[in-house]
Amino acid sequence: MGDVLFVIMRWLHFSSMAALIGGLLYGRLVMIPAIGSLSPEAGESLAGKAAGAYRPMVLAAVCGLIVSGTYNILTNPGHTVTYHMLLGVKLLLALHVFAVAFLITAPHNPRRARMMTGALISGLIVVAIAAYLRRIF
């Protein structure tokens, strides 16, 4: 049963991360430029509807990452100081991504594009740190 739970938690972590970072990537690189080509009223309407549709996915992804991440930390103890230092940086950047992901789904957010850029950069750094930690430790 332990192996099955491990695989489920790993899948949950990867799929939640892919949904969150993938949504930010799509929103920033596809939706924002497309919205910019519309009239201001139509663009604001579309941006608000897209943000509202993304909010439940953000909530589900963040919950999935918290549950599976907690499981991973608790079931994988005994690492070096360097590992824990990088894990701390990863968790702080992940909190930044979580907070911004909720903020960009708020209606009438004039800084949405800028916020998405920062969260996307932080999210990609989190993925890079995770890959490094998995490979080295």
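## Starting with one serine

Which helix does S68 lie in? S68 sits in helix α2, and that's a handy place to start looking around this predicted model. With a relative accessibility of 0%, S68 counts as buried, because anything under 20% does. Leaving aside residues up to four places away in sequence, S68 touches M9, L12 and H13.

## The overall picture

Of the 137 residues in the protein, 33% count as buried. The accessible surface comes to about 8,400 Å², and 74% of that belongs to carbon and sulfur atoms. Contacts also reach across the sequence: take those between residues at least 6 apart, and 82% of them join residues at least 24 apart.

## How α2 meets α3

Two packed helices are described by the angle between their axes and the distance between the axes. Helix α2 covers residues 40-75 and helix α3 covers residues 81-104. They pack at an angle of about 160 degrees, and their axes are 9 Å apart. An angle over 145 degrees counts as roughly antiparallel, so that's the label for α2 and α3. The crossing of α2 past α3 is left-handed.

Which residues in α2 and α3 meet? On the α2 side you'll find A51, Y54, R55, V58, L59, V62, L65, I66 and I73. On the α3 side are L87, L91, F98, A101, F102 and I104. Sort the residues of this contact by type and you get 14 nonpolar, no polar and one charged.

## How α1 meets α3

Helix α1, residues 2-36, packs with α3 too. Here the angle is about 55 degrees and the axes are 12 Å apart.

In α1, the residues making the contact are L20, I21 and L24, and they meet V97, F98, A101 and I104 in α3. The tally for this contact is seven nonpolar, no polar and no charged. F98, A101 and I104 turn up in the contact with α1 and also in the one with α2.

Back in helix α1, have a look at I32. Is I32 buried, exposed or partly exposed? I32 has a relative accessible area of 23%, so it is partly exposed. Not counting residues up to four places away in sequence, I32 touches G27, A113 and M116. I32 and M116 are 84 residues apart along the chain, while their C-alpha atoms are separated by 9.7 Å.

One last stop: the loop between α3 and α4, where α4 is residues 112-136. H108 is found in this loop. Most residues other than glycine have a negative phi. H108 isn't a glycine, yet its phi is positive, at about 55 degrees.

Is H108 buried or exposed? Its relative accessible area is 65%, so H108 is exposed. S68, by contrast, is buried at 0%.

Note on methods. Residues numbered from 1 in each chain as written. Predicted model: local features only at pLDDT ≥ 70, side-chain atom pairs only at ≥ 80, totals over all residues. Heavy atoms only, no water. Axes fitted to C-alpha atoms, helices over the stretch in contact; angles between N-to-C directions. Helix = DSSP H or I, 4+ residues; strand = E, 2+ residues; numbered from the N terminus. Parallel < 35°, antiparallel > 145°, perpendicular 65-115°, else oblique. Left-handed = near helix turned anticlockwise from the far one by under 90°. Contact = heavy atoms within 4.5 Å. Nonpolar A, V, L, I, M, F, W, Y, C, P; charged D, E, K, R; others polar. Buried < 20%, exposed > 50% of the residue type's maximum accessible area, 1.4 Å probe, protein only. Areas by Shrake-Rupley, 256 points an atom, 1.4 Å probe, with all protein chains shown as cover.
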